[in-house]
Amino acid sequence: MQDISSRMDAVCRRFEELSMRLNQPDTAADPALFRKLMREYHDTEPVVEAYRDWQTALDHLAQAKALLEEPGSLDPDFKQMIQQEISEKSQDVAKLENNLKILLLPKDVNDGKNVIMEIRSGAGGEEAALFAHSLHRMYTMYAARQNWACSVISLNETELGGVKEITFSIEGPGVYSRLKFESGVHRVQRVPETESGGRIHTSTMTVAIMPEVDDVEVQIDPKDYKFDVFRASGNGGQCVNTTDSAVRLTHFPSGIVISCQDEKSQLKNKDKALKILRARLYDLEQQKQHDEMAELRKSQVGTGDRSEKIRTYNFPQGRVTDHRIKLTLYKLDAIMNGDLDEIIDSLIAADQAAKLSSMQEEA
């Protein structure tokens with residue numbers, strides 16, 4: 001408790017300072033500074049409120065305990081009532097304290113960012129491509145439930161309507177914080193429509209979640225890449241197939257090659273390709289730091305390795321299993337229609353619990 005109180009003293013002082021600075025004329029005259037301080041104020045406010053709730057609960061618990069310590073004998077029924085109240089208030093204190101500890105956990109700097117998601121079909125041929133299409137539909141339906149905006153950046157389809165690879169952006173408040181644990185290998189077990197013998201096939205897809213970053217966070221030297229233009233193929237309207245609007249971006253240091261052809265404008269396709277490149281380079285740097293700090297894996301859900309099998313979608317049994325937290329839900333249809341909150345909330349809770357446990361071990 002003493003550690004929380006000492007940490008919160010500094011947080012409360014900073015919160016009061018922010019409140020005063022936001023009301024000063026020179027702060028209002030500087031829009032960039034005002035936005036920065038207001039963002040910090042909104043981030044700090046729920047922590048301060050949680051601390052005050054915890055303090056109030058502690059006061060109520062102390063008052064209840066004081067009743068038992070008053071001189072003189074107490075009526076047995078009244079004493080039992082106080083003991084029951086102490087038990088309930090002790091539970092309230094523990095719950096509020098745990099909530100406060102979670103709010104005090106180090107924040108992921110990317111949590112408030114939009115994301116770029118990549119889905120690639122893996123083992124399983126056309127069946128894998130068809131389920132990759134289903135995964136894209138699942139995530140777009142989940143985004144719609146959250147009032148997030150989705151936009152396809154690049155798409156490579158198969159003749160049967162499957163997806164070899166799709167890259168799309170998801171924009172909205174807290175997108176990365178909700179989707180960051182979706183990276184990894186997703187496995188599907190089902191009987192393909194093309195299977196006449198009724199045998200269950202297992203296929204895999206890879207999902208990558210990358211925070212969207214701007215050119216300030218990742219600076220790319222124009223000398224390090226080149227654009228090639230070509231005529232787009234596939235469906236895309238009257239202009240797409242008649243002009244050299246498609247672009248291929250090659251980044252020499254990393255060897256990354258990105259193709260974009262979904263926009264009719266060559267300039268827009270170039271902008272999208274650079275957006276993907278920035279996200280991939282940022283992601284590569286994060287993965288590098290992650291590998292160098294292997295001890296952090298103790299406080300993470302899964303290893304963070306893109307090759308890790310994280311989830312299985314079993315159609316014959318109607319179940320979805322997340323292997324990292326040993327969670328199995330028998331609501332496959334709902335999940336495929338975007339009902340992902342139970343899985344995502346469980347992953348976030350498991351990550352928070354692991355980090356709290358790690359902090360307590362270090363203490």
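## A walk through the predicted model

The chain holds nine helices and eleven strands. Keep in mind as you look around that this is a predicted model. The average pLDDT over the chain is 85, and 87% of the residues score at least 70.

Here is the overall picture. The chain has 363 residues, and 38% of them count as buried. If you take the contacts with a separation of 6 or more, 61% of them come from residues 24 or more positions apart.

**Where to be careful**

Residues 235-242 have a pLDDT that stays under 50, and the model gives this stretch eleven contacts beyond four places in sequence. Residues 295-299 also sit below 50, with nine contacts in the model beyond near neighbours in sequence. Where pLDDT is low, the predicted coordinates should not be read in detail.

**Rings that meet**

How many aromatic pairs does a search of the whole structure find? It turns up six aromatic pairs. One of the pairs found is Phe15 with Tyr41: the ring centres are 4.7 Å apart and the planes are at 20 degrees, so this pair counts as stacked, the cut-off for that being under 30 degrees. Phe15 belongs to helix H1 (residues 2-22) and Tyr41 to helix H3 (residues 31-68), so the pair ties together parts that are 26 residues apart in sequence. Phe15 and Tyr41 are both buried.

Tyr225 and Phe227 make an edge-to-face pair. Two ring pairs, laid out for comparison:

| Pair | Centre to centre | Angle between planes | Arrangement |
|---|---|---|---|
| Phe15 and Tyr41 | 4.7 Å | 20 degrees | stacked |
| Tyr225 and Phe227 | 5.7 Å | 80 degrees | edge-to-face |

Is Tyr225 buried or exposed? Tyr225 has a relative accessible area of 18%, so it falls under the 20% cut-off and counts as buried. Phe227 has a relative accessible area of 23%, which makes it partly exposed.

Another spot to look at is an aromatic cluster made up of Phe131, Tyr313 and Phe315. Arg190 lies over the face of Phe315, 5.1 Å from the ring centre.

Gln189 has a relative accessibility of 15%, so it counts as buried. What is Gln189 in contact with, leaving aside its neighbours within four places in sequence? The list is Ile200, His201, Thr202, Thr312, Tyr313, Asn314, Phe315, Pro316 and Arg319. Two members of the aromatic cluster, Tyr313 and Phe315, are among those contacts.

**Strands side by side**

Strand S3 (residues 163-171) pairs with strand S1 (residues 115-121) in the antiparallel sense, over six bridges. In that pairing, Met117 stands opposite Phe168 in S3. S3 is also joined to S2 by eight bridges, again antiparallel, and here Ala149 stands opposite Glu171. S2 and S3 form a hairpin with five residues between them, and Gly161 in the turn has a positive phi of about 95 degrees. If you're following side chains along these strands, here's a handy rule: in a regular strand the side chains alternate between the two faces of the sheet.

Most residues other than glycine have a negative phi. Which residue in the loop between helix H5 (125-145) and strand S2 (149-157) is worth a look? That would be Asn147, which has a positive phi of about 60 degrees although it is not a glycine. Asn147 is exposed, with a relative accessible area of 69%.

Lys326 sits in the loop between strand S10 (319-322) and strand S11 (327-329). Its phi is near 55 degrees, again a positive value in a residue other than glycine. Lys326 has a relative accessible area of 69%, so it is over the 50% cut-off and counts as exposed.

**A link across the sequence**

Finally, go to Ile102, in helix H4 (residues 76-103). Leaving aside its neighbours within four places in sequence, Ile102 is in contact with Gln352 and Leu356. Ile102 and Leu356 are 254 residues apart along the chain, and their C-alpha atoms are separated by 7.3 Å.

How values were computed:
Residues numbered from 1 in each chain as written. Heavy atoms only, no water. Helix = DSSP H or I, 4+ residues; strand = E, 2+ residues; numbered from the N terminus. Buried < 20%, exposed > 50% of the residue type's maximum accessible area, 1.4 Å probe, protein only. Contact = heavy atoms within 4.5 Å. Phe/Tyr/Trp six-rings, centres within 6.5 Å; stacked < 30°, edge-to-face > 60°. Lys NZ or Arg CZ within 6 Å of the ring centre and 35° of its normal. Pairing = 2+ DSSP bridges. pLDDT = per-residue confidence, 0-100.
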